[in-house]
Amino acid sequence: MYNLVMKDLKLGVNPWFFVLPLILGGLMLIPGWVYFLVPLYFCFITVPNMFGGFKSQNDLMFSTMMPVTKTDIVKSRIAVVVILELMHLLVAMIFGIFTFRLYPHLTYIFYAPHMGFWGLCFIMLAIFNIIFISMYYKTAYKYGAATTASTTAAILFAGVAQWAGIQSPWMNDIFYGSGMDNKALQLSILIAGLVIFISFTLIAYRIAVKRFLRVEIL
């Protein structure tokens with residue numbers, strides 16, 4: 001599997017997508033912006049272009065000609081997706097720290113980049129993964145419908161979460177009120193989001209393997 005991951009990282013993925021997290025992370029420096037958009041750009045830009053590249057390169061046929069199992073093909077591709085997702089989030093988190101330093105007294109309309117916010121971002125990407133990966137591996141070739149459905153779901157989650165943060169007194173207190181200074185609470189939300197991200201991605205992997213094993217590759 002390691003060789004498959006390295007094959008994708010070195011040959012399949014355009015080097016631009018390793019630079020993109022650094023560029024998009026800079027958007028975190030915009031004061032009071034809708035920071036949910038930073039990880040969402042992974043769904044908007046990276047995934048459709050990356051999987052479009054795999055399709056144009058006939059990567060599926062090439063991979064199946066190698067002495068590897070279908071399970072390893074799925075596992076390596078999901079690993080590449082997760083690596084890029086974590087790059088986007090980790091870089092954005094670093095920029096988020098600088099945001100607090102630059103604007104210490106800023107009043108946020110949308111979520112501030114606290115630890116709890118990043119927990120919500122992990123949940124958003126978890127929803128994206130379970131839909132995209134599950135749908136894509138029905139064929140392991142057609143990515144358009146899977147990208148549209150998963151990105152739409154991620155946007156809806158972000159929209160509902162942001163609406164709840166503004167309208168719900170309970171959510172507002174956690175993300176705008178006294179909960180902002182409660183490091184234990186914020187860390188708990190981050191950990192919960194990470195656990196959901198890992199769980200949903202593992203479920204997506206299991207579904208993908210079952211579906212891919214039924215795919216006939218000509």
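Is Y103 buried, partly exposed or exposed, and at what relative accessibility? In this predicted model, in which local features need a pLDDT of at least 70, side-chain atom pairs count only at pLDDT 80 or more and totals for chains, interfaces and linings use all residues, Y103 counts as partly exposed, at 25% relative accessibility. The classes are set by relative accessible area, with buried meaning under 20%, exposed over 50% and partly exposed in between, for a 1.4 Å probe and protein chains only. Residues are numbered from 1 along each chain as its sequence is written, and side-chain values use heavy atoms, with hydrogens and water left out.

The secondary structure of the chain consists of nine helices and zero strands, where helices (H or I, at least four residues) and strands (E, at least two) are DSSP runs numbered from the N terminus. The radius of gyration, taken over C-alpha atoms, is 18 Å, which agrees with the value near 17 Å that a compact globule of 218 residues would have under the rule of 2.2 Å times the number of residues to the power 0.38. Along the principal axes, the C-alpha atoms fill a box of roughly 60 × 30 × 25 Å. Of the 218 residues, 46% count as buried, and residues 24 or more positions apart account for 80% of the contacts with a separation of 6 or more, a contact being heavy atoms within 4.5 Å.

The accessible surface of the chain comes to about 10800 Å², of which 70% belongs to carbon and sulfur atoms; these areas come from the Shrake-Rupley method with a 1.4 Å probe, and for residues only the protein chains shown count as cover.

Within helix α2, which spans residues 16–25, the buried residues are F17, L20, P21, L24 and G25. These residues lie on the same side of α2, because they cover an arc of only 120° around the axis, the arc being that of the directions from the helix axis to the C-beta atoms. The buried residues of α2 pack against α3 (37–56) and α5 (70–102).

Y103 itself lies in the loop between α5 and α6. When neighbours within four places in sequence are left aside, Y103 is in contact with L29, P31 and Y108. The C-alpha atoms of Y103 and M65, which are 38 residues apart along the chain, are separated by 54 Å.

Not counting residues up to four places away in sequence, S134 touches N129, A204, I207 and R211. The C-alpha atoms of S134 and L106, 28 residues apart along the chain, are separated by 41 Å.

A140 is found in the loop between α6 (115–136) and α7 (144–167), and counts as buried at 3% relative accessibility. Phi of A140 is near 60°, a positive value in a residue other than glycine. Most residues other than glycine have a negative phi.
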